[in-house]
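User: I'd like to go through this model bit by bit. Can you take my questions in turn?

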Amino acid sequence: MSVSDGDSSHGGWKNFRQTTRDRLLLEMLRSARGNNAANWKVLIMDDVTVKIMSNACKMADITEEGISLVEDLNKRRQPLPALEAVYFIQPTRDSVQKFMGDMNGKSPLYKKSYVFFSSPLGRDLLNIIKGEPLLLSRIAALREMNLEYLTIDTQGFSTDNDRALVELFGELSEGTRDYEVCLDTIAYRLSTVFASLKEFPLVRYRAARSAAANSVSTTTARDLVPTKMAAALWERLMKYKSSLANFPQTETCELIIVDRSVDPVAPIIHEWTYDAMCHDLLDMDGNKFMYEVTTGTGKVEKKEVLLEEHDPVWLELRDLHIAEVNLKLDDKMQQFGAKNKAAQIRLGAKEGQELSTRDMQKMVQALPQYRDQLEKLSLHIHIATVLNKKIKDEGLSDVGNLEQEFVFGDATSKELINILNVKQDLSAENKLRLLMIYAATHPEKLDATKRLQWMKLARLTGDDMNAINNMEYLGVSVSKKPTSGFSLKFGARKNKRPLRKERNQEEEGWQLSRFYPVLQDLVEDLVKGELSKDEYPYVKEPVGPLPATQAANPNSPGGATKPAVHSRRTNRPATSTWANKGRSYDDGSVDGRSVSNNHNHKPYGRRIFVFVIGGITRSELRIAHKLTAQLRREVVIGCTSVDSPQQFTRKLKALSNLDDVDL
């Protein structure tokens, strides 16, 4: 469900990012522009709203809506009294005061202002604005956009709370002001997702671990993070329900709130799909990749590109296994040479054939397309070459295989000791990640003596070992628990992390594709109506049929059907390798990994939202793409941040030392 102007004017289904983009461009900028196409304006944003805009829209999109200049609210600006201004700002006292300073008094910076707040404006600040008659005469519009989140993907968003893991799960977080402020900020921004989309979610959350496990241990503030988030969000949704025009009065979608402890392995393990490997193994700044090219004259130039949806090659390859990427790129180069006139003629010239005038004319006509396609293909061939070299040089096939055997219970400390002894050249990072995965999948195995032994064997520092110790804050029982005398505790169950269930697959696929994030199980169980109410209770119990069983197929009786949930993974024989070819399926996927543009699959069921407090991984974003196509319901993954394994490890180290680590 989406109600932006973009949907009504363009028609047809739009994904999460497109809907957000249309609200910013059409509902905000175009409404300020009006019918006068020649009416150019200045756009002023603060530190938060500039990120909101840049994550959803390109500069060309903004210019097309009549914006001639983009300015920073927090910097001194040149007066432009002949131009009107559009303010997209947070409703904070600081931002409001700066806006008033621009537009009040005898010499305002701009002729007129259109003011759009990213979230609801407090009554006290509204009264301050109302108390300035001269200022009011220069305000053409004053609106709340209720849009304070970053779109990080076609089906992903972030509340941009990079320190959430530290402030909510750290050793010193309980009872602090930072804990409360962080929770409140996340809930506020999360609520704007639903206000912006005009969606009213049926809210479920992961129960406190101690309660869910029937534990006798004391419930901590860390355990209650999803519970408190669900309550804070619900309070804001109730306000929207009573005050926001066109906000639904009954549930229209589903939301599950979890924290990072739901799957502490996913942020650490080596993921073998293209997107995940790029962000893990390449030195990227967000989605920006920098590389060097040699020109025809032999000069070396530095280039930077954004690996995002505007690149159709990236869009097709991002969710594929790296081995499948290699095959795809090879096929694409062959097809490119066969179909592009410029490529054919250039190839013929290299083989000694003379070019006729007609050939040269065809080549010139095909050159722009030739250059664009060749540049994109060359970029991804270069990236794949770098990734394959890193896989070989760092021995990642053996590391990845052992990681997945830990996850599925096929390996013990014996295999860990062996790889650390045999592969002395393993990087400290890869050894640490192996130890972290072992600790997460083999609870209560590390006492003080063993921890010191592992540290010496792997040649890790005390700071490295701190990352393993701090997994305790995410519910991982790393250390052996001391026992005090003889006692009997009837009804108490050992809190042992269950092994991830193995998935079946009809035929062999890629060796290192067994792993999948736990979020996939959660969404599939939700859709099948099998998600435990004890572990994932409702904020408010639904009345009547659950939305999870509705609208999955409009052609079925009552709009209900049980979607086919395909299992794709199984144990591989010892002879298989990570480069084994997988079979193709009717849904356009290979081993369950979509190779087509998921945006062509129009969902017709209710949206499913999953929000992860403490950050998500690229593999979890991939799950949103896969399940949307598979279930025919748009799955949107939200988070407080998107972290690479290196970023997540740094945050883990900071959990017991909040002030000394710069994230």
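Here are the questions and answers on the model.

User: What are we working with, and how many helices and strands are there?
Analyst: It's a predicted model, where local features need pLDDT of at least 70, side-chain atom pairs count only at pLDDT 80 or more, and totals for chains, interfaces and linings use all residues. Residues are numbered from 1 along each chain as its sequence is written, and side-chain values use heavy atoms, with hydrogens and water left out. Helices (H or I, at least four residues) and strands (E, at least two) are DSSP runs, numbered from the N terminus. On that basis the protein has 24 helices and 15 strands.

User: What share of the 663 residues counts as buried?
Analyst: Buried means under 20% relative accessible area, exposed over 50%, and partly exposed in between, using a 1.4 Å probe and protein chains only. Of the 663 residues, the buried share is 53%.

User: Which residues of helix H3 are buried, and what arc do they cover around the axis?
Analyst: In H3 (residues 47–56) the buried ones are Val48, Thr49, Ile52, Met53 and Ala56. An α-helix has 3.6 residues a turn, so residues three or four places apart point the same way. Taking the directions from the helix axis to the C-beta atoms, these residues sit on the same side of H3, because their arc is only 130°.

User: Which residue caps the N-terminal end of H3?
Analyst: Look for a side-chain oxygen 3.1 Å from the backbone nitrogen of Val48. The residue that supplies this oxygen is Asp46.

User: How do H2 and H3 pack, and how far apart are their axes?
Analyst: Two packed helices are described by the angle between their axes and the distance between the axes. Here the axes are lines fitted to C-alpha atoms over the stretch in contact, with angles running from 0 to 180 degrees between N-to-C directions. H2 and H3 pack at an angle of about 115°, and the distance between their axes is 9 Å.

User: Is Ala85 buried or exposed, and how far is its C-alpha atom from that of Ser113?
Analyst: Ala85 lies in strand S3, and its relative accessible area of 0% makes it buried. Leaving aside neighbours within four places in sequence, its contacts are Val42, Ile44, Tyr110, Lys112, Ser113 and Tyr114. Ser113 is 28 residues apart from Ala85 along the chain, yet the C-alpha atoms of the two are separated by 4.8 Å.

User: With which residue does the side chain of Arg514 make a polar contact?
Analyst: Arg514 is in the loop between helix H21 (462–469) and helix H22 (518–528), and counts as buried because its relative accessibility is 5%. A polar contact is a pair of N or O atoms within 3.5 Å; within protein, one must be able to donate a hydrogen and the other to accept it, and residues adjacent in sequence count only if both atoms are side-chain atoms. At 2.7 Å, the side chain that pairs with Arg514 is that of Asp410.

User: Where is Glu444, and what is its phi?
Analyst: Glu444 is in the loop between helix H19 (428–441) and helix H20 (448–458). With a relative accessible area of 24%, Glu444 is partly exposed. Although Glu444 is not a glycine, its phi is positive, at about 55°.

Definitions and conventions
Contact means heavy atoms within 4.5 Å.
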